[in-house]
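Let's take a friendly tour of the contacts in this structure, first within one chain and then between two. Have the coordinates open as you read along.

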Protein chains: 2
Amino acid sequence: MVLPRAAKTQRRTRIQEEKEERILEAALEVFATNGFRGSTIDQIADVAGMSKPNLLYYFRTKEAMHRALIERVLDTWLDPLRAFDAEGNPVTEIRSYIRRKLEMSRDFPRESRLFANEILQGAPHIEDELVGPLKQLVDEKAQVIRAWAKAGKIAKCDPYHLIFSIWATTQHYADFDVQVRAVLGEDLAGEGRFEDAARFLEQLFLHGLTPQGG
Amino acid sequence: MVLPRAAKTQRRTRIQEEKEERILEAALEVFATNGFRGSTIDQIADVAGMSKPNLLYYFRTKEAMHRALIERVLDTWLDPLRAFDAEGNPVTEIRSYIRRKLEMSRDFPRESRLFANEILQGAPHIEDELVGPLKQLVDEKAQVIRAWAKAGKIAKCDPYHLIFSIWATTQHYADFDVQVRAVLGEDLAGEGRFEDAARFLEQLFLHGLTPQGG
DNA sequence: TGATAATTTGACCGGTTGGTAAACATTATG
DNA sequence: CATAATGTTTACCAACCGGTCAAATTATCA
């Protein structure tokens, strides 16, 4: 039989499991740094240490590879937002959301860049995810934030733009890493920059720049 | 003569002026939405309404096109930061810097995406600009901010991360426009979103989320 | 106007890219 | 161990891509 994947068999082979894993890992590396159009199957094959036709045996097209990767990553990517707890203390929740997002930028920068590339180029492959599940999740959390503001537990503000600004400030350290390093210079650009960022962002979101706020 | 551009002539022809303008405008459109590798000369030629060899008559390579574009755009892109005035009122300065950056995201989203694409993919073509002129400018302004903090005019904070967070939050509305629109939905995603963003960011940077701050 | 330079185009080239076909190798299973 | 299913590779193709070339066209100006 020439047909790939579980077309006939019910369960996935051990080899399938392993190889698809290796391919998606390689695809993440390549897509994240080159974007979809800028990436080639050969590059991914190289990184994965496999031949190009072998890759295409597991994923019939480049698009299929990309789709599978996005699906797999999107879920965990939204975990921090899902963890946002309506019952918790507002300040604590926001603070730990920022911290978690920043940790993700530090620990999973490739995933961040994968999405950044995709969205930057008009989200041609994930627009459905954006207007569907993502919007729904954000709407839900925006309601929570609005309730907190109404109850006077945090300042009155637009919850959507609050979420945007948390995304922007935290993902910046993954997506614009090269620029951050360049500007900070060799001495400041060590791993300590994430702790500095965390400290700064906490102050910013809790007190802003008004003196004596920290 | 077959040699392009002002190789022999001193002044640039009117035609040269016009065509190079048209090409760079088209290049901005294409590079901003596809990144360097993802863009083709044919695409740019299409948008410019010229033939491919004609484009290559004015810019010998795709790289030359990209370089010329970046050089032209980088300068005006940094204008808002340059306008940052050490003598001015700190709060006013920061507030108008944010406003100006947000206006640039609204009025020149393609320029923002051009840089975002470039930096996201490791800044292979502009790294020198980053560690050189950009770092120098930021260092200079960081000193100004630090002085303000020391004088107690604004809260003590890391000036670099402050600048990063202003960049991140404002450019987000250009770079991640598709996502912003998707999340806000049709009713909220009108042009008013920039005013909402401005209001939110002003509050954020001046007072944070502490109640009664606005 | 005519000569000369500047501009534009169609045909083309070598290398790359996404993807296929088929032969070959390996593994699972009766 | 036979044999069918699964996995891998080599060779290949057509489309695309960056770039060249020479010929044709248009603008400039003495």
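How many salt bridges are there between domain 1 of chain A and domain 2 of chain A? The count is 2, and this comes from a predicted model.

## Where the domains meet

In chain A, 11 residues of domain 1 are in contact with 9 residues of domain 2. Together the two domains bury about 990 Å², and carbon and sulfur atoms account for 65% of that area.

A salt bridge joins A:Arg110 and A:Glu29, with the closest N and O atoms 2.7 Å apart. Between domain 1 and domain 2 of chain A there are also 3 residue pairs in polar contact, both residues being at pLDDT 80 or more. On the domain 1 side that touches domain 2, the elements giving two or more residues are helix 1 (14–38) and helix 4 (62–77) of chain A. Helix 1 of chain A gives the most to that side, with 7 residues. By class, the residues on this side of domain 1 of chain A are 6 nonpolar, 2 polar and 3 charged.

## Where the chains meet

Now for the partner chain. Here 65 residues of chain A are in contact with 65 residues of chain B. The two chains bury about 5500 Å² between them, with 68% of it on carbon and sulfur atoms. On chain A, the trio A:Leu120, A:Val183 and A:Leu209 supplies 14% of the area buried against chain B, more than any other three residues.

Between chain A and chain B the salt bridge count is 0, while 21 residue pairs are in polar contact, both at pLDDT 80 or more. Several helices of chain A each supply at least two residues of the side that touches chain B, among them helix 1, helix 7 (109–120), helix 8 (127–150) and helix 10 (177–188). The largest share of that side, 12 residues, comes from helix 9 of chain A. Sorted by class, the side of chain A that touches chain B has 33 nonpolar, 21 polar and 11 charged residues.

Definitions and conventions. Residues are numbered from 1 along each chain as its sequence is written. Chains are lettered from A and ligands numbered from 1 in the order in which they are written. This is a predicted model: local features need pLDDT of at least 70, side-chain atom pairs count only at pLDDT 80 or more; totals for chains, interfaces and linings use all residues. Side-chain values use heavy atoms; hydrogens and water are left out. Contact means heavy atoms within 4.5 Å. Buried area is the accessible area (1.4 Å probe) that two parts lose on being put together, summed over both. A salt bridge is a side-chain nitrogen of Lys or Arg within 4 Å of a carboxyl oxygen of Asp or Glu. A polar contact is a pair of N or O atoms within 3.5 Å; within protein, one must be able to donate a hydrogen and the other to accept it, and residues adjacent in sequence count only if both atoms are side-chain atoms. Helices (H or I, at least four residues) and strands (E, at least two) are DSSP runs, numbered from the N terminus. Ala, Val, Leu, Ile, Met, Phe, Trp, Tyr, Cys and Pro count as nonpolar, Asp, Glu, Lys and Arg as charged, and the others, Gly among them, as polar.
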